[in-house]
Amino acid sequence: MALSDVSYFGIRHHGPGSADSLVQALQELKPVAVLIEGPADASPLLPLLARPEMQPPVALLCYPEDDPASTSFWPFAEFSPEYQATLWAVTNNAAVRFIDLPSSARTAPIEAVGETESDGTEANVEADLAPHLRDPIGTLAQAAGYEDGESWWSDIIEQNPQPGPIFAAIADAMTTLRDGEGPLAAFEAKREAHMRLEIAVARKEFDGPIAIVCGAFHVPALQATRPLKEDQTLLKGLARRKSMMTWAPWTGPRLALGFGYGAGVVAPGWCKHLWQTRGQGDSSVLWLAKIAAVLRAKGHMVSTASLIEAERLARTLAVIRERPKPGFEELRDAAIAALFNGEALLWALVEAELLLGADVGEIPPDTPLAPLIEDLQRNQKAARLKPEALERELSVDLRSESGLFRSTLLHRLSVLGVHWGKLTDSGRSRGTFRERWTLSWEPEYAVRLVENLVYGPTIEKAANGRLIQMIGAATSLDAMAALVQGAITANLSEASIAGLAALEDRAARSSECLEILTSVPPLADIIRYGEARKTETARLSGLLERLIVEGGIALAYAARDLDAQASTTLVGAMRKADEAISLVEPEQDVLDAWRNGLAAVLDGSRSTALVAGCAAHLLYEAGHLSADAATGLIARRLSPGTPVTEAAGFFEGFFSTAGQRLIYDEGLRGAVDAWLASLDEDAFIAHLPLLRRVFSHLDSMERRRLIEAVLGRAARLPAGLTPTPDGGEAWRRHLERLGPLLMSEAGNG
């Protein structure tokens, strides 16, 4: 039997101080084998961490061969003790392996373990003690006079690393906390039994020191002497599934607790800073220098005097809070006071960049791939699309099988947040069976695919799963309609069925006019261009017609007494809904209901002027308001007896997208002329910005035509039209003031 001394190093996952102390302890111990808490069946992949091409953050990814969606992740950062232990072992030719339950035994019971994270990792040393002692570090912190365990652990372990004695002290503290407590949860007990058995095997195998690297909570249990048969009995009949394992890129922000990673840290960027600046002097000063660099890169002036003041303030805060040295909280508060003039909102501009970071890991090219990435590569090959870093244009013909396949793939990836392709002319291309894309591959897309494994193992399944979740979380009818449109466009049948059912249910309960109107365009797009994607639209048609009728009924009430912002929003929704309704050409009674709603707005005494003007224009364009009637309406609405603000609102509502009418319609020009002539000089000048907005919709040629229509229209009048009685003198008069405005806009057009 080989003789081995076993040393136990209790660490915190992703703790930079733990990692620093551990590396120093390993260098002193020089073990022949390093055993690490992690899935035992993934041990062959551990040496890959030491490859030069492997750039953390990365994650060990394990999933059952028959169910890739049940994926577990074990992330590693540069400052993770387990990562540094692996690097030390490979560099020093020591054996290195994982000793925890194999991933094949973890996937089945994961959901039943209340305090174990769904990613297969331990939440942290606090959660390791659940359910019988929920916060051991908090208990130690209270004994030391701290309000929370996070600050205590950071002060004692992470920001002030002490090799050697600190690990013995941690082991003693954990032993005291665990004494007298009840039995562990069954799953946690099996984990510790498996690690004890693996340690026993290593003691027989190796002749020399052995290092055990594990979560601090486990140290007392692994040091304890228990009969091997008890542990073997505990693990007897353990369910196993054949697992697939690989490394995948990870990101800095995904190491944070705030992003749902239970074993994460509060500020990954700060942890990376502590690790990279060890032995370089005061980490607080270097952190403030980093803050200054970020601010200066964003164009903010930061003086040396302000940095000195921030450093002094941080140290003072640390003394007041009885901390041995400033942490990132003290440095944050000091920076807000000295660098941001007390404005905490300004700190938010740089907080994510500093505390979370933007790191994206890299893996060796010969690493086995995750299922979604494998499926993407299969689809890329089938679509004959090669990922490239530089942008390139792609034109897709939806009438061909290859074109439809490419479009469907790109739309599905967009659902997953992988915007490899960006649609450049969606509005123009849909009716012509063509799409134009700009393709550009970014490295972080692989990370996003890995993150989407929770929704399914293939692009299609994952996109269906994610959209179904988004539809369930949608809080408005228009948002839901847009998601259904995306589901149908991406040919995601499961999400389409779920979305239509949710949409019908939501529509039955909705009476909000704006919500109804904004849901019409995406549904109309599906019906109008469904042929390009061979979409079944019968069910949608009935729902859309019902929404159009309800929107028309609600419109007159929604248009009453609105403020400027609300009226502008409603006008935008009305125009888009009317355009969509015209495209789908619904039954006449449905169309009449919509037009009746517009007429009710126009006739309503409480209708906001801007909305009424928009309704008048839509009725005029649809032929429900004759030219003579429109001219008379404009004359009345812009008459001297109408308050100037109301007249201006009606004018903008009617002409904001119909300025071209003034070029050809003599009657409308005369009505507008009469209104402008009635304004005194101050009112006219006050309304110049309004006129500018209206005329901004005209291109340079249209502006010139309008000027020509005013100055020389007698020679350019269309057949059948005659000049106004004054021969255009009023327009000539106003053109002296309007001409420079129009021409300057034309020059900029």
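This is a predicted model: local features need pLDDT of at least 70, side-chain atom pairs count only at pLDDT 80 or more; totals for chains, interfaces and linings use all residues.
Residues are numbered from 1 along each chain as its sequence is written, and side-chain values use heavy atoms, without hydrogens or water. Local features need pLDDT of at least 70 and side-chain atom pairs pLDDT 80 or more, whereas totals for chains, interfaces and linings use all residues.

Helices (H or I, at least four residues) and strands (E, at least two) are DSSP runs, numbered from the N terminus. Strand 3 (residues 58-64) and strand 4 run antiparallel and are joined by five bridges; pairing requires at least two DSSP bridges. Leu 60 stands opposite Trp 74 in strand 4. Strand 4 (residues 72-76) has five of its five residues buried (under 20% relative accessible area; exposed is over 50%, partly exposed in between; 1.4 Å probe, protein chains only). Ser 72, Trp 74 and Phe 76 lie on one side, Phe 73 and Pro 75 on the other. In a regular strand, side chains alternate between the two faces of the sheet.

Helix 21 (residues 493-509) has 17 residues.

Ser 407 lies in helix 16 (residues 401-415). Ser 407 counts as buried because its relative accessibility is 0%. Its side chain makes a polar contact with the side chain of Glu 435 (2.6 Å). Such a contact is a pair of N or O atoms within 3.5 Å; within protein, one must be able to donate a hydrogen and the other to accept it, and residues adjacent in sequence count only if both atoms are side-chain atoms.

Note on methods:
The expected span of a helix is 1.5 Å times one less than its number of residues.
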